[in-house]
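Here is a short briefing on how the parts of one structure meet. Keep the model open as you read.

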Amino acid sequence: MIRLKNVSKFYKSTKAVDDISFEVKEGETVVLLGTSGCGKTTTLRMINRLVEPSSGKIVVNGQNILEQPAEKMRRGIGYVLQHHGLFPHYTVAENISIVPNLLKWSKDKIINRTRELLEKLQLSQTLGDLYPSQLSGGQQQRVGLARALAAYPPVLLMDEPLGALDPVTRVGIRKEFTTLDELKRKTILMVTHDVQEAFELGDRVCLMDKGKIVQIGKATDLLFNPINDFVRSFIKEQHFQLELENIFINDIWSLLPKAIDGTNENKISPENSLWQVLETVSARQQGFERFVSINNNDKKQIEIASLMAAYTQYKNSFNHE
Amino acid sequence: MNEQQQTLWNFMAQQSDKLLQQTLAHIGLTFISLFLSILIGIPTGIWISRKKKWSGPVLGIAGILQTIPSIALLGFMIPLLGIGARPAIVALMLYAFLPIIRNTYTGIIGVNAAVTDAAKGMGMSPSQILFKVELPLAMPVILAGIRTATVINVGVATLAAYIAAGGLGEFIFGGIALNNTNMILAGAIPAALLAIIFDFLLAKAQHFNIKKAKTAFIAIPIILIALSSFYLLPSAIGSKMLAGFTPEFMGRSDGYLGLKNKYGLNIRTVVISDAVMYKAAYEKQLDVISGYSTDGRLKAYDLVVLKDDKTIFPPYYAAPIVREEVLEKYPELEPALNILSGKINDSIMTELNYRVDYLKQSPEKVARDFLTQQKLYKKPRNGKKGIIQMGSKIFGEQYILLQIYAILLKGNTDLSVETKTGLGGTKICFDALTNDQIDLYPEYTGTGLLVVLQPDNHTIQSIIGNKESVFDFVQKEFMRKYHIKWLKPIGFNNAYTLMMRKKQASDLKIRTISELKMYIDDN
């Protein structure tokens, strides 16, 4: 759990971070989103005291970070950087075991943990003896993540973890991250400037501008209840796609027509987003097949026309709130 | 060519003891200073990488140290640390600072910020970051700096011979002074080889994989200490008195060799440059020095000349020597130069030298004042007829003579003058003359005889006692062998002498070289 209360950072006369407060609950992923220079990275770096806050209080796992020795405190927080920051003179395995070594784990424990992490991150065991420069960008970033996870930190700070990757690799690794079981249990604060990434990875998104929080909330909150024009314009370009990605069959369940009995059914999970459904449906040819979704013995008909109608209705319900 | 190599080989074989000793001293000097420089330089480099506002001043000072001419830096050390190993080591250490500090700084600054950031973010302490991340990653750059410093030090260490610290410079400067190519090569080749070998070894170390940087941490200090130990400080054996002789004096038969042969003088000696020798004697670093009888510092430092009671020092009457070809081309040259003949005796020359060496007046001013006083000064004429290239050796008296000749030529002929002062020792001047690089320079009869002509011992003995015989002999032989003419002597005799502090000499009742020998043998 991470809690910031009235935290500010001044550089001479400029306010990099201006009196912000928010909380990341245990097991939650919050994404700090914003343009460069909005203070999101400074906010992140204040949490492991790479930047000392000018004022305010930061609590991680119930302890005030300023009241502990910085080095000891940092060993309990995983840190992933944009430019991976792997030690070029250490092998992959040595890189992963840096924090366990600092914590003076036994040799066997370190070896086992390294092996386990390589496997979980789908890195071949033979990579362990290579140097970072011999890896691809995606592999380096995975090793960077493995290193941050090595000592089972309950809290993870990620500074543009995919920022240095090409778009294709980026999407691939993003998918992997979302399925990684070790990440699911962590309290994560992540920084990005990529709206899509923020909405996909974050349980909640915190949009920042000029050192202040503009709006913090679930993806749908930002999409359908933007607090001001800044929020609106920030997500305008990808608005439609983001909406489709962040509305799930479950959300519009009641708005969908009941399924007509028949043969030749294709089942779609109610956990899918509209975007995924549209992709699946439009990939089929000529509408020969029928799509249904089943939830607790309730069966709904899935067709493009009815989906769109439900989507519009759902959106309108926000506008009337 | 073959013969040349053969004789060089012979020379090195003959002098193998000395060569080995000098080489070891050279290696020792290089590495003691390098070791100290690393010991101070690397922490300094680390420190300025932390406190960046200090990096400018610190690197600036190290840079300035490097620009001080080596011989001048050695000179500055004398009043502080005396002569011998200590000032040489300190000076060399200062020279090595710049590459070591700068490369340590650049190496650490150059470590990828993301890497140090990650190290800090993972909870490494500042010292863990320094030793596990920054230094290993900066190591190739730091090693490159050490490599540069080593090569610089091997080179500059030759100059240590000027302040009695030994090393291969003894052969090099002795050889230059004595017109002995083999001797120069016997010093220069090993010095060059040392530079090449150390550079090669360090290059190997540098390309050593960064993984093994940890080994370098331990290996480098051990190797350095081992190499430093080669430099065994000259142990105090023999007499209590210490003599400092110039490289030239050490190798001349009318110098140290003569002292040993004819007088049986057995005194502890060090090799030293004449630029610092007088001062070292004055400051009681040395007791006996070789010097020139007209040297102005004789007066300045209150020294006394020991009488050469067995006549091993031949007369050294100064006269301009000129290429015959030039004299024929410009007939007015010889009379103009001869105006000075008989005008300067020993005491006048000593006085002129005193004004330059001690009162720090410029040779031009001293020359002009002298000629004005002698009513020989004339305003320069147009100087359009041609250019005379004049050379001089690297000490005050020659500078003064050159300026006097320049004024005389400009005032009495239509020739103009270019001067090339500071042509090192006899060999450089004489080679410049025979290779038409210069047209004339002032030379001394004794030097012409013993350094250039080097006749057999019998011939030397037959003429050495008489100044006219020596002059006649060198005049005849120079013309025959080199087509170089000795003009009329200027008048003074700048002979080699042994000198002591006046007070010490009178306390010990030493007036002649024989008495010095007796004193040393008795103690």
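A polar contact is a pair of N or O atoms within 3.5 Å; within protein, one atom must be able to donate a hydrogen and the other to accept it, and residues adjacent in sequence count only if both atoms are side-chain atoms. By that rule, four residue pairs are in polar contact between chain B and chain A, with both residues at pLDDT 80 or more. The model is predicted.

**Where chain B meets chain A**

- Chain B puts 19 residues into the contact, and chain A puts in 21 residues.
- About 1800 Å² is buried between chain B and chain A. Carbon and sulfur atoms carry 66% of that area.
- On the chain B side, B:Asp117, B:Gly121 and B:Met122 lose the most area to chain A. Together they make up 31% of what that side buries.
- The interface of chain B and chain A holds one salt bridge. B:Asp117 and A:Arg45 meet in a salt bridge through their side chains, at 2.5 Å from N to O.
- Two helices of chain B, helix 6 (113-121) and helix 7 (126-156), each supply at least two residues of the side that touches chain A.
- Helix 6 of chain B gives the most to that side, with seven residues.
- Sorted by class, the side of chain B that touches chain A has eleven nonpolar, four polar and four charged residues.

**How helices pack inside chain B**

- Two packed helices are described by the angle between their axes and the distance between the axes.
- Take helix 2 (residues 16-50) and helix 5 (residues 85-109) of chain B: their axes come within 6 Å and cross at roughly 35°. This crossing of helix 2 and helix 5 of chain B is right-handed.
- The contact of helix 2 with helix 5 of chain B has 20 nonpolar residues, seven polar and one charged.
- Helix 3 (residues 55-67) of chain B also meets helix 5 of chain B: the axes come within 7 Å and cross at roughly 145°. The crossing of helix 3 and helix 5 of chain B is left-handed.
- From helix 3 of chain B, the residues in this contact include B:Val58, B:Leu59 and B:Ala62. From helix 5 of chain B, they include B:Tyr95, B:Phe97 and B:Leu98.
- The contact of helix 3 with helix 5 of chain B divides into eleven nonpolar, three polar and one charged residues.

**Salt bridges**

- Over all chains, the count comes to 32 salt bridges.
- One of them joins A:Glu116 and A:Lys120, whose closest N and O atoms are 3.4 Å apart.
- Where do A:Glu116 and A:Lys120 lie? Both are in helix 5 (residues 107-120) of chain A, four residues apart, about one turn of the helix.

How values were computed
Residues numbered from 1 in each chain as written. Chains lettered and ligands numbered in written order. Predicted model: local features only at pLDDT ≥ 70, side-chain atom pairs only at ≥ 80, totals over all residues. Heavy atoms only, no water. Axes fitted to C-alpha atoms, helices over the stretch in contact; angles between N-to-C directions. Left-handed = near helix turned anticlockwise from the far one by under 90°. Nonpolar A, V, L, I, M, F, W, Y, C, P; charged D, E, K, R; others polar. Contact = heavy atoms within 4.5 Å. Buried area = accessible area lost by both parts, 1.4 Å probe. Salt bridge = Lys/Arg side-chain N within 4 Å of Asp/Glu carboxyl O.
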